[in-house]
Amino acid sequence: MSVRPAAVPALLTCLLLAGCSSVQLGTSDPSSSGAPAPQTSSSGAAGAAHEIAVGAGPQKKYTVQQQPAAGSCHYRYEKGEPLEDSACTPGAISPAVTQANLKTTICRKGGYTSGVRPSAYVTGKEKKLNAASYDYTGVMREAEYDHLISLQLGGDPNDPRNLWLEPADPGHRAGQGVNNKKDPVETKLHTAVCAGKVTLAQAQQAIVTDWTTALARLGLG
């Protein structure tokens, strides 16, 4: 149907003066433009957090897990410290560890991690495969096949989304095996969780966001 002649001057005047915000050319619903709405965390801040995957949890018998394709993962660096590729290694938590059962899991006396850790036979094979994923060519014995969310923070023991080959950091002592700055961060977070200073979810989220800033992010030094 053609526009009635009487409406044409009004429409032209509106467009020229940009004074008719109610006039819509095309769709009237912004959501129909195809642009995705920004993702928000529970706090409402866009991009502030992401939902962490839940893995299978502790198993009686672990099997070697398939790793990302060779060369598909790329390290990031923050002040020289290596960080995981968040697309390949976004982290995964164990359903066996919750805020409600901390005292009987990661915070129990006598330890928790030794009872859920996969055997060296399994992780040794995975480590070599993951080295290819990250195109790592350094000394294998000085790189750690690391749980992004550590076992002492309720990370899943053998989910490939939670494991990556962490190379030596700038302060690494060559020839002395694995030693890096991420491990002390994990221990401090574990202590804070068990002391009730931060929640389990807060510690897990901080470590997957950036382990180099996790303590500062939570006000732990």
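Me: Why does Cys107 count as partly exposed?

Reply: Cys107 has 23% relative accessibility. Buried means under 20% relative accessible area, exposed means over 50%, and partly exposed is what lies in between, with a 1.4 Å probe and protein chains only. At 23%, Cys107 therefore counts as partly exposed. This is a predicted model, in which local features need pLDDT of at least 70 and side-chain atom pairs count only at pLDDT 80 or more, while totals for chains, interfaces and linings use all residues. Residues are numbered from 1 along each chain as its sequence is written, and side-chain values use heavy atoms, with hydrogens and water left out.

Me: What makes Cys107 and Cys194 a disulfide?

Reply: The sulfur atoms of Cys107 and Cys194 are 2.0 Å apart. A disulfide is a pair of cysteine sulfur atoms within 2.5 Å, and Cys107 and Cys194 form one.

Me: Why is the disulfide of Cys107 and Cys194 called left-handed?

Reply: The torsion about its S-S bond is about -90 degrees, so the disulfide of Cys107 and Cys194 is left-handed. Cys107 lies in the loop between strand 4 and helix 2 and Cys194 in helix 3, so the pair ties together parts that are 87 residues apart in sequence. Helices (H or I, at least four residues) and strands (E, at least two) are DSSP runs, numbered from the N terminus. Cys194 has a relative accessible area of 35% and is therefore partly exposed.

Me: How many disulfides does a search of the whole structure find?

Reply: The search finds two. Cys73 and Cys88 form a disulfide with sulfur atoms 2.1 Å apart. Their link is left-handed, with -100 degrees about the S-S bond. Cys73 lies in the loop between strand 1 (53-54) and strand 2 (76-78), and Cys88 in the loop between strand 3 (81-83) and strand 4, so this pair ties together parts that are 15 residues apart in sequence. Both Cys73 and Cys88 are buried.

Me: Why is Pro160 called partly exposed?

Reply: Its relative accessible area is 21%, so Pro160 is partly exposed. Pro160 lies in the loop between strand 5 and strand 6. Contact means heavy atoms within 4.5 Å. Leaving aside neighbours within four places in sequence, Pro160 is in contact with Gln65, Gln66, Gln67 and Cys88.

Me: What makes helix 4 mostly covered?

Reply: Seven of the 10 residues of helix 4 (residues 200-209) are buried. Among them are Leu200, Ala203 and Ile207. The cover over the buried residues includes strand 4 (92-93), helix 3 and helix 5 (214-217).

Me: Which residues have the most contacts inside the largest nonpolar core?

Reply: They are Ile106, Ile149, Val185, Leu189, Val193 and Ile207, in a core of 36 residues. The largest share of this core, five residues, comes from helix 4. A nonpolar core is a set of buried Ala, Val, Leu, Ile, Met, Phe, Trp, Tyr and Cys residues joined through side-chain atoms within 4.5 Å.

Me: Which strand gives the most to the lining of the second largest pocket?

Reply: Strand 5 does, with four residues. On a 1 Å grid over the protein atoms alone, a pocket is an open set of points where a 1.4 Å probe fits, with protein on both sides within 12 Å along at least five of seven lines, and lining residues have an atom within 4 Å of a point. Strand 5 (144-147) and helix 3 (182-194) each supply at least two lining residues.
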